[in-house]
Amino acid sequence: MRKGAKDLWQHLEVPALALVPVTLGVCAYLQIEQSALLTLVVSLLCLLVFFAGFERSRPPLKQIMPTVVLAALAAAGRMIFAPIPDFKPVSAIAIIAGAVFGKRCGFMVGALAALVSNFFFGQGPWTPWQMYAWGLIGYGAGILASRGAFDRAAVLYAYGFLAPLLGYGLILNSWYVVGFVHPLTWPAVVTAFSAAFLLDATHGFATVVFLLALYAPWQRKLQRIKNKYDLLLG
């Protein structure tokens with residue numbers, strides 16, 4: 001693939017990610033009747049940017065394997081911990097992927113984990129939102145790690161707790177409120193977010209627990225693999 005085309009897809013990533021919450025905000029402000037459909041289309045377009053860019057880059061097999069394996073582990077972990085609501089390792093594994101292999105790998109691991117595990121939990125209009133939200137957590141981790149933020153354990157664990165609340169819970173709850181709560185009033189918004197807070201907090205707590213258990217050993221092993229095979233996932 002020509003470098004110019006590859007750069008174009010990469011330049012579209014941040015605008016695509018930003019367009020999703022902006023669209024949610026505009027739909028909420030304007031009280032658009034078909035908000036659920038409109039925001040779903042925008043989230044799908046965002047995912048298209050990442051998947052098309054990944055496909056167009058035509059990475060060799062050695063570059064694909066870490067993304068596929070980590071996504072499979074995240075999906076399997078979500079299914080194993082299914083009996084415990086919102087106590088899942090997906091966010092933690094997406095963070096590890098982004099920290100070691102870069103923001104795009106982090107996004108793809110989170111997105112693919114949601115897609116694959118939903119063949120077990122059930123596919124629906126929530127799937128693109130879960131893909132976007134978990135991908136966003138991995139993408140953000142890649143950006144922070146590239147700037148050395150995760151060298152401080154406090155930053156890593158703070159991100160691990162806050163990202164599920166603000167990068168996953170806030171997005172999914174906003175989609176539900178904007179798309180399905182009519183009329184959209186402040187009491188209705190507060191009620192919806194309050195009802196989800198305990199689950200979102202559990203998600204954040206679980207992510208910290210999994211990071212405490214997995215981040216250090218996995219980070220060392222994955223970094224060795226990255227260096228040994230000269231992996232440049234971005």
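This briefing covers backbone features and aromatic pairs in one structure. The model is predicted: local features need pLDDT of at least 70, side-chain atom pairs count only at pLDDT 80 or more, and totals for chains, interfaces and linings use all residues. Residues are numbered from 1 along each chain as its sequence is written, and side-chain values use heavy atoms, with hydrogens and water left out.

**Terms**

- Helices (H or I, at least four residues) and strands (E, at least two) are DSSP runs, numbered from the N terminus.
- A residue is buried under 20% relative accessible area, exposed over 50% and partly exposed in between, with a 1.4 Å probe and protein chains only.
- Rings of Phe, Tyr and Trp (its six-membered ring) pair if their centres lie within 6.5 Å; planes under 30 degrees apart count as stacked, over 60 as edge-to-face and the rest as tilted.

**Backbone exceptions**

- Most residues other than glycine have a negative phi, and most peptide bonds are trans.
- The peptide bond that joins His 182 and Pro 183 is cis, with omega about -5°.
- Pro 183 sits in the loop between α7 (153–180) and α8 (186–228).
- Pro 183 counts as exposed because its relative accessibility is 62%.
- From Pro 183 to Ala 153 there are 30 residues in sequence and 44 Å in space, C-alpha to C-alpha.
- Gln 31 is not a glycine, yet its phi is positive, about 55°.
- The loop between α1 (3–30) and α2 (35–56) holds Gln 31, which is partly exposed because its relative accessibility is 41%.
- Asp 86, also a residue other than glycine, has a positive phi near 65°.
- Asp 86 is found in the loop between α3 (61–80) and α4 (90–101), and it counts as partly exposed because its relative accessible area is 22%.

**Aromatic pairs**

- By the pairing rule, the count is 11 aromatic pairs.
- One of them joins Phe 81 and Phe 87, a tilted pair at 6.0 Å centre to centre with 50° between the planes.
- Phe 81 is partly exposed, at 26% relative accessibility, and Phe 87 is buried, with a relative accessible area of 16%.
- The ring centres of Phe 120 and Phe 121 are 5.0 Å apart and their planes are at 90°, so this pair is edge-to-face.
- Phe 120 is exposed, with a relative accessible area of 53%, while Phe 121 is partly exposed, with 33%.
- One aromatic cluster is formed by Trp 129, Trp 175, Tyr 176 and Phe 180.
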